[in-house]
Amino acid sequence: MTDIIGYILIIIGILFDIFGCIGLVRFPDVYNRLQASTKCVTLGTIMLLVGVAVISGLGAISAKAVICAVFILITSPTAAHAIAKGAYASGVALWEKSVVDKYAEEEEK
Amino acid sequence: MRRLIYFVLAFIIWMLLTWQIDAQVIIAGLIVSAIVALLFHEILPKEHLVFISPIRMFWALVYVPVFFYYMLKANLDVVYRALHPKMPIKPGIVKIKTTLKTQSGITALANSITLTPGTLTVDLTDDGFLYIHWINVKSDDIEQASEFIARRFEWFLRKIFE
């Protein structure tokens with residue numbers, strides 16, 4: 001039974017990873033791509049790790065998997081934030097169809 | 001004091017990662033945790049002692065399923081936008097104001113915003129404003145945007161961090 005739950009979690013995780021990568025290819029600019037990659041890949045990878053933990057049961061492997069999941073949950077949004085800020089600072093423009101850019105307005109003041 | 005807490009945390013994580021009780025492993029862990037605690041104790045927030053309270057831990061536990069619900073919703077939203085042939089996105093950077101005061105609270109809010117529906121924190125200012133990249137801008141007004149993006153987390157995070 002735990003095996004089945006674990007495999008279902010792993011399959012859902014891989015699906016989210018795939019959709020995240022499709023979003024990464026299809027979205028038009030850095031910021032939208034970051035949205036796809038951080039959200040889908042974070043949840044997908046966490047589900048993969050939780051699935052592994054469920055299958056292997058209490059032990060060395062599941063402890064490592066859960067710790068990795070927690071670290072990914074903490075570091076991935078921070079990394080995305082750093083990339084977005086770095087991209088903006090180095091002058092990567094938003095997609096031309098973007099509706100509003102308060103950040104640029106603030107810089108001009 | 002901060003060094004001690006950091007040391008204990010680092011050692012617990014080390015023991016979980018190695019997952020074996022062995023003299024060599026424990027000695028190596030003690031040495032590494034001590035070095036790490038000496039070098040990096042400053043990353044613990046200044047107000048760290050207030051976190052040792054059952055009420056805050058209770059709200060933190062309540063926050064986990066709420067957060068995962070929003071995260072799942074965010075993912076389905078991004079999947080929908082990525083797979084839709086016309087790609088219904090309307091991106092832009094908006095400015096929101098947060099009512100949280102502590103550094104750790106604002107950090108948690110920024111990370112929560114990044115992982116939840118269509119929003120990504122780009123920058124934050126010292127006076128409590130955050131710049132958010134929003135994949136589907138509903139309003140560029142500061143008040144309304146804050147209402148949409150931050151309110152649902154602030155209530156919980158205030159209970160946990162302030």
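Colleague: Of the 109 residues of chain A, what share counts as buried?

Modeller: Buried means under 20% relative accessible area, exposed over 50%, and partly exposed in between, with a 1.4 Å probe and protein chains only. In chain A, 41% of the 109 residues count as buried. This is a predicted model, where local features need pLDDT of at least 70 and side-chain atom pairs count only at pLDDT 80 or more, while totals for chains, interfaces and linings use all residues. Residues are numbered from 1 along each chain as its sequence is written, chains are lettered from A and ligands numbered from 1 in the order in which they are written, and side-chain values use heavy atoms, with hydrogens and water left out.

Colleague: How many helices and strands are there in chain A?

Modeller: Helices (H or I, at least four residues) and strands (E, at least two) are DSSP runs, numbered from the N terminus. Chain A has four helices and zero strands, and its pattern along the sequence is α-α-α-α.

Colleague: Is Thr42(A) buried or exposed, and what is Thr42(A) in contact with?

Modeller: Contact means heavy atoms within 4.5 Å. Thr42(A) sits in helix α2 of chain A and is buried, at a relative accessible area of 3%. With neighbours within four places in sequence left aside, its contacts are Ser37(A), Ile72(A), Leu73(A), Ser76(A), Met71(B) and Leu115(B). For contrast, take Val25(A), in helix α1 of chain A: at 63% relative accessibility, Val25(A) counts as exposed.

Colleague: Which residues touch the most other members of the largest nonpolar core?

Modeller: A nonpolar core is a set of buried Ala, Val, Leu, Ile, Met, Phe, Trp, Tyr and Cys residues joined through side-chain atoms within 4.5 Å. The largest one here has 38 residues, and Phe27(A), Tyr63(B), Leu109(B) and Leu157(B) touch the most other members. Elements that each supply at least two residues include α2 (30-56) of chain A and β1 (92-97) of chain B. The largest share, eight residues, comes from α3(B). Apart from residues up to four places away in sequence, Tyr63(B) touches Ser112(B), Phe153(B), Phe156(B), Leu157(B) and Ile160(B). A second, separate core of 10 residues includes Tyr31(A) and Tyr131(B).

Colleague: How many aromatic pairs does the count come to over all chains?

Modeller: Rings of Phe, Tyr and Trp (its six-membered ring) pair if their centres lie within 6.5 Å; planes under 30 degrees apart count as stacked, over 60 as edge-to-face and the rest as tilted. The count over all chains is four aromatic pairs. The rings of Phe7(B) and Phe11(B) have centres 6.5 Å apart and planes at 10°, so this pair is stacked. These two residues are four apart in helix α1 of chain B, and are therefore separated by about one helical turn. Tyr69(B) and Tyr70(B) form a tilted pair, 5.4 Å centre to centre with 55° between the planes. Ring pairs also link Tyr63(B), Phe67(B) and Phe68(B) into a cluster.

Colleague: Which residues form a nonpolar patch on the surface?

Modeller: Like charges are joined within 9 Å, and nonpolar side chains (Val, Leu, Ile, Met, Phe, Trp, Tyr) within 5 Å. Accessible areas come from the Shrake-Rupley method with a 1.4 Å probe; for residues, only the protein chains shown count as cover. Here the patch consists of Leu58(A), Met1(B), Leu4(B), Val8(B), Ile12(B), Leu16(B) and Trp19(B), with about 750 Å² of accessible area together. Ile12(B) is partly exposed, at 44%.

Conventions
Patch = residues over 30% accessible without salt bridge, like charges linked within 9 Å, V, L, I, M, F, W, Y side chains within 5 Å. Salt bridge = Lys/Arg side-chain N within 4 Å of Asp/Glu carboxyl O.
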